[in-house]
Amino acid sequence: LFSNLPTIPPDEPFSVNAAYQEDTHPKKVNLGIGVYRTSEGNPWPLRVVEDAEKTIYEMKDHGRHEYLSIQGDQVFLRLAADLVFNFDSTTKDRERIASIQTVSGTGANRLGAEFLSRYIHPRPQNVWIPDPTWANHHTIWQLAGTSSSSSTPSIKIKTYPYYDSNTGGFNYNQTMKKLSSEAKENDIIILHACAHNPTGADPSIEQWENIAQLCKERHLIPFFDLAYQGFASGDVDKDGWAIRHFFQAGLEFCVAQSFSKNFGLYGQRVGALHVVTKAPSATITSTGHDKDPGTTEDVLATLCHLVRGEYSMAPRGGAEIVRTVLSNDGLRQKWVEDLRMMSSRILGMRRALFEELVRLGTPGDWTHILRQIGMFTYVGLSENQVAAIRERHHVYMLRSGRISISGLNESNVRRVAMGIDDVVRT
Ligand code: LMR
């Protein structure tokens, strides 16, 4: 029965994490999986999340374990969309958006992929994924739109050259060259809204403007992965800038929003998919209330259909925490403080690692560590060097040399820098 299953390689962030847990060395360091850690190396339930949990518990709402609608918690969804698009209570722009609650960012990426590959017309030929990217983008798009009789993805996966290893930055010229010469009408372009995972290298404002223009001219469908709003810079507006610009430019696109990192709600799976359309949900015509084809209402109905057939609805517990925080001015302010705390600790650790490497005179240019942003950096080690630092120094990172900066702290940063120095020299 089960003799014909494919061989599935272990998922890297989770298998590196498991290998770290099994290591008994007292000075081991985990720079693998992307989770926030305190300066003592411990998980950190945000203070504001603990406050919200208390508030929710004290309300003794007997309905709090009831089913949500298939779409999810409507108040949470409105607040989530407002956070992304910076809407105020008077805006009509909200009508351009179909939002649905998802099983965090992965679920939003998955649902969006399924939706676009099944229903967009004319059918997209390709999805363009940055090289490199969060490895799960490949898995998600390999699975998207496949029928039970075929394991071939219905949309071809192609990559664009995102990273310039010479500069440690975004490879703007090669990306534009590739997409403008090869992307076809309705092709999907995966974009990291801020704090690109795994490189930490983001486009500049001007580059974002040109990418939006390219999408417009060539009728491409941008698909933003938004996993770090507020976590990257400590400022939700700055981290949401690219998406807001694409919205103002009148494009139709998707946003996969995650609250794992910016609320520290990793295991609660809180997220949303927002599909931005051009048309308002309904138009008033001379004959009365008429519907345009392809409106947000239709998009939402289709998304709900997909969700109902998968898991009925997203879980409510974590979304209730986010809703409680975002709907209360005091808690919201506290959340911003928590975000600033996390992002400034990460910035501090970037500087500390850079300074240690400079102090050691480690061969190479390490300034990209300071220029890159967010949780991750491509530190610049080869696969062999990554294996060596794990074996000789018990420092764990992904094969690509991606490190999670938040795994660094005052007690281990020197040791990590010495490990890097050692493997770079030998
Ligand atoms: C990571 O990239 O390490 C995190 O985003 C966890 C994950 O889901 O891969």
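Helices, here runs of at least four residues, and strands, runs of at least two, are taken from DSSP and numbered from the N terminus. With that numbering, glycine 240 sits in the loop between helix H8 (236-239) and helix H9 (241-248). The structure is a predicted model, and its chain has 15 helices and 15 strands.

**The chain as a whole**

- The chain has a radius of gyration of 22 Å, which agrees with the value near 22 Å that a compact globule of 426 residues would have.
- Taken along the principal axes, the box that the C-alpha atoms of the chain fill is roughly 75 × 55 × 55 Å.
- Of the 426 residues in the chain, 43% are buried.
- Among contacts in the chain with a separation of 6 or more, 77% are made by residues 24 or more positions apart.

- The chain is divided into domain 1, which is made of 12-45 and 337-425, and domain 2, which covers 74-327.
- The centres of domain 1 and domain 2, taken over C-alpha atoms, are separated by 29 Å, and the contact takes 23 residues from domain 1 and 23 residues from domain 2.
- On the side of domain 1 that touches domain 2, at least two residues each come from helix H12 (329-360), helix H13 (368-371) and strand S13 (376-378), and H12 gives the most, with 5 residues.
- By type, the residues of that side of domain 1 divide into 11 nonpolar, 8 polar and 4 charged.

**Helix H4 against helix H5**

- Helix H4 (residues 104-119) packs with helix H5 (residues 136-143) at an angle of about 35°, their axes being 9 Å apart, and the crossing of H4 and H5 is right-handed.
- In this contact, Thr106, Asn109, Arg110 and Ala113 from H4 meet Asn136, His137, Ile140 and Trp141 from H5.
- The residues of the contact of H4 with H5 comprise 3 nonpolar, 4 polar and 1 charged.

**Helix H7 against helix H9**

- Helix H7 (residues 205-217) and H9 also pack at an angle of about 35°, and their axes are 10 Å apart; the crossing of H7 and H9 is right-handed.
- From H7, Ile205, Trp208, Glu209 and Ala212 meet Trp241, Ala242, His245 and Phe246 in H9.
- The residues of the contact of H7 with H9 comprise 6 nonpolar, 1 polar and 1 charged.

- Glycine 240 counts as buried because 23 other C-beta atoms lie within 10 Å, where the cut-off for a buried residue is 20 or more.
- Once its neighbours within four places in sequence are left aside, glycine 240 is in contact with Val84, Asn86 and Gln229.
- Glycine 240 and asparagine 86 are 154 residues apart along the chain, while 8.5 Å separate their C-alpha atoms.

**Arginine 64, in the loop between H2 and H3**

- Arginine 64 is found in the loop between helix H2 (47-58) and helix H3 (74-85).
- Arginine 64 counts as exposed because 12 other C-beta atoms lie within 10 Å, where the cut-off for an exposed residue is 12 or fewer.
- Although arginine 64 and glycine 317 are 253 residues apart in sequence, they are 8.2 Å apart in space, C-alpha to C-alpha.

Note on methods: Residues are numbered from 1 along each chain as its sequence is written. This is a predicted model: local features need pLDDT of at least 70, side-chain atom pairs count only at pLDDT 80 or more; totals for chains, interfaces and linings use all residues. Axes are lines fitted to C-alpha atoms, for helices over the stretch in contact, and angles run from 0 to 180 degrees between N-to-C directions. A crossing is left-handed if the near helix is turned anticlockwise from the far one by less than a right angle, and right-handed if clockwise. Two residues are in contact if their C-beta atoms, placed from the backbone, lie within 7 Å. Ala, Val, Leu, Ile, Met, Phe, Trp, Tyr, Cys and Pro count as nonpolar, Asp, Glu, Lys and Arg as charged, and the others, Gly among them, as polar. The radius of gyration is taken over C-alpha atoms; the globule rule is 2.2 Å times the number of residues to the power 0.38. Domain bounds come from an automatic or database domain assignment.
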